[in-house]
Amino acid sequence: MRILALVLLASPVFSQSATATGVGGGGWLHAGAFHPSDDTVVVLGADVSGVLRTDDFGRSWRAWNEGLANPHEANERYVDDLLGVRLDGVDWFFAATYGGIHRRRADGLDEWERMTPLPELSFKGTTDFEAKPIPFCCLDDDGKGRLLVAGAGRSRWLSASYETDYYPGVAALDPAWTAGQTTQWTVWRYDTQSRRPAWEPFPGSQGLGAARDISVVKLDGKLLVAVATLNGVYLWRGAGWIDVGEELHDDLGLSAWSVHLTRRGSLFVGTAREGGPGSSGVYRIADVRDELWGILPNFPPRAPAVTVQLKPLVWEWVGDTTLMPPVGTKTLEELGQNAQQPYLTVVDGVGNAPDRLYLGVRSAFTPRNAGVYVGDLDQDEPGDACTWRHAVYGDFLGAGEFAQYYLDGAGVQKNLDSGWLDYFGSEVLWHPTASTTERLVFQLNGRLHTVDLARDYARQRYTESSTVGSETYWASTGYNELSVRGLAFYPDGRLVQSSADVGSFVSETDELARFRRLAVTYTSATSSTTDLAWNPATSFSEIRPAWGSPAEDSLFLNSGDIVQRQSPCKLFRVDPDGDWHNVTSSFDADPDVGGLKLEFLQLGDFAFVSDDEVWVIYTEFDRSLRTSPTGAKRIGAGVLRGEHSAGSWDWSLVNAGLGVTDATIPETRNTQGQAILYNPPSGRVFLAARNVKYNELSPAASINGGVFAADPTAGSITWERIVDPDTTNYRDFYSIAQYEGSTGTFGATIYAGGRGRSTGHGTVLRWANPGADYTAWSPIANDTTTPFDFAVPFSRDAQWSPAPWDATTANRKLTDVRALAVHPGNKDVIVAGLYSPNLNEQVGLWRWHANQNPPWTHLSPDEAFEGIGVSILAFSPTVTNRLVLGTNGQELHYKTVGTQVAIGM
């Protein structure tokens with residue numbers, strides 16, 4: 001039978017590729033590597049968006065993640081280290097990720113290939129089925145491409161208080177599951193001279209601890225390997241591992257973050273202080289060789305280890321005691337006591353030239369001491385002969401402004417273009433190229449710069465800027481690593497982008513080409529009542545046209561993330577003059593909020609019932625229950641109601657029916673809202689919610705997530721659960737959206753996006769008649785195994801379906817529908833943004849059309865943001881069929897999504 005396709009051309013084609021826009025930058029850049037043969041090519045490893053690549057030394061960037069996608073529950077997108085190596089005439093990049101070690105040809109002809117074997121499946125518990133490959137965090141080679149080494153773990157940027165198990169999910173964690181990797185090898189090796197080269201555990205490295213950094217060198221025909229772990233510094237000198245860091249770790253209380261072995265036998269270690277009396281900073285063993293070298297067994301390391309009495313290796317502190325010019329206030333010793341994640345890069349001296357040290361320091365609490373320091377040291381000189389100097393540093397300009405500078409080759413101070421990012425607390429990476437030490441890349445938080453000291457410049461490499469009137473606007477050049485939480489359009493089409501990293505921006509026009517920062521005026525105050533207490537992180541935003549008067553369009557946004565910023569969260573109104581008004585300034589003193597304090601709240605999505613009434617999702621934290629410096633135990637969640645009258649706002653709780661439990665019991669938690677909206681036809685507020693934790697102490701008080709509705713006009717407001725996980729397969733929800741077409745049909749259809757992790761089905765539900773039967777929701781995706789045309793096993797009543805679960809191919813945890821938008825021209829067309837903790841090609845943007853068969857179409861194959869996860873969606877009010885996508889790690893994109901349908905005949 002011949003198949004014909006009839007295409008209706010009433011609207012533009014919906015498969016137009018996406019265009020990246022926004023301000024660029026953001027996130028943490030964990031690693032970088034230069035192309036082995038071309039120093040204009042650089043790859044970067046990011047914390048949420050995988051690998052980024054430039055072929056023109058930073059003038060443009062692109063995502064380079066093909067092949068990193070993996071069906072297992074591992075964070076391949078967390079790339080902790082990268083290495084460029086030339087092997088047998090072919091240039092390669094190697095990547096150490098939370099999902100194993102991968103490699104890819106530098107010419108990009110092939111995709112990333114996993115090189116480390118997957119362990120047999122092991123699980124953390126019977127209710128959280130998680131198969132974990134071995135994570136890796138650091139890489140090095142012997143300089144000749146003959147031997148590569150890697151460190152296992154995921155603690156390169158984490159202190160000892162965060163994690164001690166570097167193979168998550170080992171069988172010993174749950175005796176009920178006997179499968180899994182049981183031996184924890186810290187160091188792995190890849191011998192390119194082998195007949196069948198493959199990554200394999202390095203003998204004797206069991207139990208050294210989670211790795212942070214690794215270095216290898218072939219010296220005098222012998223192999224040396226140094227590794228810094230959570231437990232200290234260890235050295236391989238031909239047979240067996242020697243604990244050479246006992247003096248630093250145990251005696252001086254120093255934590256080793258980075259190591260480097262030079263080709264002249266010196267061992268450098270970058271340390272920070274976690275306790276004890278010792279000086280921190282950089283330490284060196286001038287030469288790890290001694291007169292007893294000859295009695296050690298020869299390579300290979302498979303030879304049995306022997307115990308020998310070695311000459312003690314002497315550590316010397318590397319650094320002077322002078323003040324750092326020109327603005328430094330600390331010595332290198334004092335600096336290290338406040339440092340976090342000191343990253344040390346050493347350029348080996350050749351001949352009589354000294355070793356050059358680049359020390360990148362993130363010092364969140366003393367920003368003037370953060371930055372990059374450079375020192376030179378001859379091997380024959382004592383360590384304290386090294387005079388350190390600033391290369392990159394910051395200073396306050398007054399009124400809260402923080403500027404950063406660099407010193408050129410002649411020592412002249414020059415400004416770094418700050419772009420959008422003006423908060424401090426920098427982590428820095430420097431990477432010398434293969435051809436010259438004068439060409440470098442460094443980044444401070446999200447600011448990426450390339451440096452060519454020979455030509456005397458340092459340039460920002462993710463944005464370009466322009467001035468319009470008194471406003472400065474930025475546009476991305478392709479390096480997009482921000483995580484966007486909120487989108488809101490002004491009636492004229494200008495877009496507000498709210499970022500979880502650095503705050504909110506507004507576009508110059510509806511073309512979305514350039515953005516300016518919507519920055520709260522800086523003050524040092526952090527109280528909840530202070531109107532302008534500084535806190536840049538934002539998540540959700542909404543425009544209220546003609547708020548208060550016909551001429552006053554106001555932007556409302558919540559600001560602050562207490563997990564990262566340690567400041568109260570607030571709801572702000574920004575008026576057309578750019579003035580900020582703290583909507584929640586009276587919150588802490590309001591008797592109707594049950595003793596909640598903004599200091600301990602994180603505010604989420606919000607919805608206006610009218611200009612004078614807003615409902616806000618909140619999650620409560622108690623700092624006394626923290627388990628880590630940046631974490632907190634959730635002890636409560638719910639919804640707040642704010643009512644505006646006579647210029648002030650009154651706040652109250654509206655939690656009846658949500659299962660709020662006794663906050664005095666730390667481990668009892670309630671339903672947590674994820675998205676909220678007001679639906680005019682029904683006069684109801686709707687809440688998409690997930691369950692945080694089952695209440696074991698009071699099962700009756702536990703209410704699973706679902707979809708809830710409440711009548712804001714009722715005298716006693718109680719939430720009604722209208723999608724019940726106890727009677728359906730739909731358990732937790734992350735998104736909710738309604739049709740926003742013509743006035744007469746506004747809100748005529750509501751859609752809710754469900755969760756696709758361990759329990760329940762990831763799907764989208766539709767309610768086509770608001771105001772009628774609340775239970776009349778229908779799935780618009782196959783609710784058994786293939787919601788989006790790929791298999792999604794699920795668990796219900798401890799039984800897997802479909803059975804048996806093929807763990808090597810199943811794409812599980814992939815159907816969290818984090819974002820929904822209804823097409824403004826057709827209430828029977830929606831777009832869905834899928835999120836996953838993993839890089840997976842199925843995640844991204846999908847479209848559903850009621851008159852298309854099959855109804856679901858994947859709109860984002862091979863897009864830059866593919867696999868990252870779409871976090872929020874919005875249609876432009878002025879540009880027909882333009883959809884804007886906010887992503888979790890590739891910032892902002894837009895593309896054309898029409899209502900066109902293809903019909904097979």
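Me: Which residue forms a salt bridge with R641?

Reply: Side chains of opposite charge can pair when their charged atoms come close. A salt bridge here is a side-chain nitrogen of Lys or Arg within 4 Å of a carboxyl oxygen of Asp or Glu. R641 pairs with E613, and the closest N and O atoms are 2.9 Å apart. The pair links distant parts of the chain, with R641 in strand β44 (residues 634-645) and E613 in strand β43 (residues 613-621), 28 residues apart. Strands are DSSP runs (E, at least two residues) and helices are runs of H or I (at least four), numbered from the N terminus.

Me: What should I know about the model and its numbering?

Reply: This is a predicted model, where local features need pLDDT of at least 70, side-chain atom pairs count only at pLDDT 80 or more, and totals for chains, interfaces and linings use all residues. Residues are numbered from 1 along each chain as its sequence is written, and side-chain values use heavy atoms, with hydrogens and water left out.

Me: Is R641 buried or exposed?

Reply: Buried means under 20% relative accessible area, exposed over 50%, and partly exposed in between (1.4 Å probe, protein chains only). R641 counts as buried because its relative accessibility is 13%. E613 is buried too, at 10%.

Me: How many salt bridges are there by this rule?

Reply: The count comes to 25. One of them joins R53 and D55, with the closest N and O atoms 2.9 Å apart. R53 is buried at 6% relative accessibility, whereas D55 is partly exposed at 34%.
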